[in-house]
Amino acid sequence: MRTAILLNFKMATFFIAKILVIIVCNILGLQCSYIASDSKDEYLDAIQNVGDLYSREFNRYRRKGTSELKKQFYKHKSLENTKNVILRDINISINVGSECHVYNLTVDCSKLNLKEIDSSWFSNNTEMILLNDNLLIKLVNSTFVHLSHLTHLDLSNNEISLIDLLAFDGLTSLKYLSLRYNSISFNAVSTNILEPLNNLQLLDLIQKPIAGITDVPVSLLQSLTKLRTLAINTFNSTLYFGHEFLNLTHLEVLEITGSTRNVTESSFKNVNGLKQLIVRDMQLLKRMDDKVFVHLDKLTSLTMAYVSIDLQRVLALLWPFKGRSMSEIYFEGVTTTFYMPNLMKNGYMTKKDLMYATDICLDTFTVIDCNIYYITANAVSNRTTWDRCLRNIYFSRNSFIGSAFVLFPVILLQNLTKLTVSDAIRTCQTFIPFPRLSFLEHFFQDISLGYLSLDGQTKFKNNLANQELSIPNGTFYVYVSKSLTSWNLKRLVSDFSLRLDVTFCGADNLQYIDISDSGFHTFTGHIRGLSSVKTAIVSGNDISHLSENFLDELYGLENLAVSKCQLDRNFIALKFARILQNTTKLKVLDISNNSLNVLSKETFAQNSELLYLSLSGNQFKDIPFDLKFTPNLKILDLSSNIITTLTPETTKAVDFLNSNNKLFQLMLNGNMLSCGCHDLSFLQWLNSTLVSLDNNRNYTCMNKDGERTNTLAFSDLESLWRQCWGEFFFYVALITLCLYVIGAVLIILILRNKNFFVSYFLQIFGNSKLHTRFDYKTDVYIGYSEEDYRFPCIELREHLEKKLKLNTFLIDRDLLASLDKASGIMDAINSCWRVLLVCSKSFLTDEDWSMFTMRSAMYAQNPANPARIVIMVHTSCLFLLPSELLSVVNDENILVVSEWKINYILSEKLRARLMA
């Protein structure tokens, strides 16, 4: 009881304090920011989710160099500070005269277009300041003099060109300083500006590539004896770090960029303690000596990105690292080739090129966007060292002319955990390809040269790894390393059929596989050996042919992406439940952009653990499955379908799911909803439901007048209700008038169809009898213009005679030359069951005989055969039909066509009008 009272008292105190501070801020005109929550658990969950995201980004940027890593570190550090704030009591911070955000001991002033800094923005105990991405021009004296606890200062991406002598005075605890991408000419600043920073460990001085920027004077760095990481430009023709760098005994990471043209044996002689070297954006580099790395005997990580030198040349420089252990060798954009390579000089990779790299005990080897077009079959034949050490291979964005499958042997490396060989399909550029055979022949041609032997039974043996790759009894066996957990083959092959059964051997730990945006098709075989796979990304392939048991043995599958795969909508509607039958652990499923329109209600009957389902970009009109089978569903994406409304049954099911699963989200953006009167219940549901909806519950919709609007415009449902009922009663008031109108319409109909009515009454009250087709000599008289004779005389005639088995009369074919044409036309019409007038433009306007034919047909129509005349008219000629002809022809006997061609609909209409 006492604890509860104290807790309530503490919370009340927090709220009172918050209100008082806001009042004070308003009175004094200050800018106040605060972080508050009624539930600390909710904030902790939110921060944890964001923290996980930043952790993933942090790891991804780790491989991109010091600058990106540092930026991610700042974000990560800021997030940690934010978390500390939340773990404390509610923290209210007052920022006087600035728009900066304060998170505990971090002040974030980034991206605010600031042109100057006010030292009053920062409290004495501030530990991190982010001033990046602003418009700062100058750093003045004593700006940070009171910040003795500051450890991180980011001034990157500004316009700084001047730094006063005492700009950094007082920053005795500073460890990280970034001045990247400014416009500082170091010849114009004092070499003593960094002297107060005696604890600095990371310094980034890389500047924008503009005129007037010079190399960093070595004397500027002399006082930084604790420096571990340094990033600088170099503009000298020959790269050289002087003997002064020997004083930087703790320097371990060096990043260089600039316009240097030559790197010699002595370039790194005085920085021989480096553990990580990053060379990036050196497009003018022309020469690197053979012994350029000979002094770097402690180096464990080498990164070269967008350096204008052939990869073959760089690989030949790795000889000093033979027999050593290194964590990573990373090459990206290391090439001088931007178009078609000269395969006698560059663009290829051979065993000789990799002879030193394969002799280094590497953890990670990366080759990205280096314009490698061809790899010889024996390139990775020396795998003894890699077999013991290599864990990660990334080989991406190299457009192959030869086969990418020559890298297949590396998949058998004993300790390999991640293999990425992706983005090898060219998109915009086209090259003359190497001679191609069928895929299997080409595969065997490339692979078997040094690794596999082919016998008469289509059996292959890997001599180095003592493994087999075989296709006995129509099953394709693929052997992989037992340590492999991730395999990325995105955009690797342009054409590969999976109609054969595929068995993976050794893939017991494989959890991730990506074959998206490739040429895989015909998924009719069986896949075995992938029971441990949790994530499969198959999007962007042709899965129009799919076996219903294709996923039967992927028991561990949790994430499946099948977007843009041309799925057969009819097959999926009937068999998707069977396809997913064994994937009972499925949590994430993406089948977007497949033009699907129907799913069976029991589709996910075996997938009760489903958390995320994307059906966007299809043609569904409602939620196409029963939500009772997905009780754990958290996100359902139905965006960009053809949904106009959700039925009351559907909204009730959605609300019920949300009542059991409080985090359920429904995405409807991109659908053209209906905002008419018949959708009042749906609009009310949008405004009142507890379900989390996207786009702030505001969707494009069509109102009752056919105008495009949005759902938020109908938040006042009472007004809409009155509009709807008012309109209804308005129509009720017009009933009497409508009756008069209906009477007038009936009179008009009777006058227009008097022949049918006369015939009807004559049959009832008289002795008249309706004629049948068998009372006439000929079934159909075809009237047409001599100018447009091709369609009626050829296609139409053949269809009537051969398909409908009707005999026809054509004046050009059947009228005897000895007879008078006018008499012949009249006699032929009177002897025909139906008169079919093909009313082309010339028939209606140009020919006298056409008018004679029409008038003869009108005179021939009588009560005994009231539907004798059938008109076939083009849409462009409707207005040319004579009114006297329309007065004797029923609307049902007017066939309007958009083109003079027989199709199924026209054929059925002809059958109904000519044979009835």
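Three disulfides turn up in this structure, a disulfide being a pair of cysteine sulfur atoms within 2.5 Å. The model is a predicted one, where local features need pLDDT of at least 70, side-chain atom pairs count only at pLDDT 80 or more, and totals for chains, interfaces and linings use all residues. Residues are numbered from 1 along each chain as its sequence is written, and side-chain values use heavy atoms, with hydrogens and water left out.

Cysteine 100 has a relative accessible area of 5% and is buried (under 20% relative accessible area, with exposed over 50% and partly exposed in between, using a 1.4 Å probe and protein chains only). Cysteine 109 is buried too, at 0%.

Another disulfide joins cysteine 361 to cysteine 389, S to S 1.8 Å. Here distant parts of the chain are linked, 28 residues apart: cysteine 361 sits in strand 20 and cysteine 389 in helix 5 (residues 384-389). Helices (H or I, at least four residues) and strands (E, at least two) are DSSP runs, numbered from the N terminus. The link is left-handed, with -95 degrees about the S-S bond.

Strand 20 (residues 361-368) is mostly covered, with seven of its eight residues buried. Strand 18 (residues 325-332) runs parallel to strand 20 and is joined to it by seven bridges; two strands pair if DSSP finds at least two bridges between them. Strand 22 (residues 392-396) also pairs with strand 20 in the parallel sense, over five bridges.
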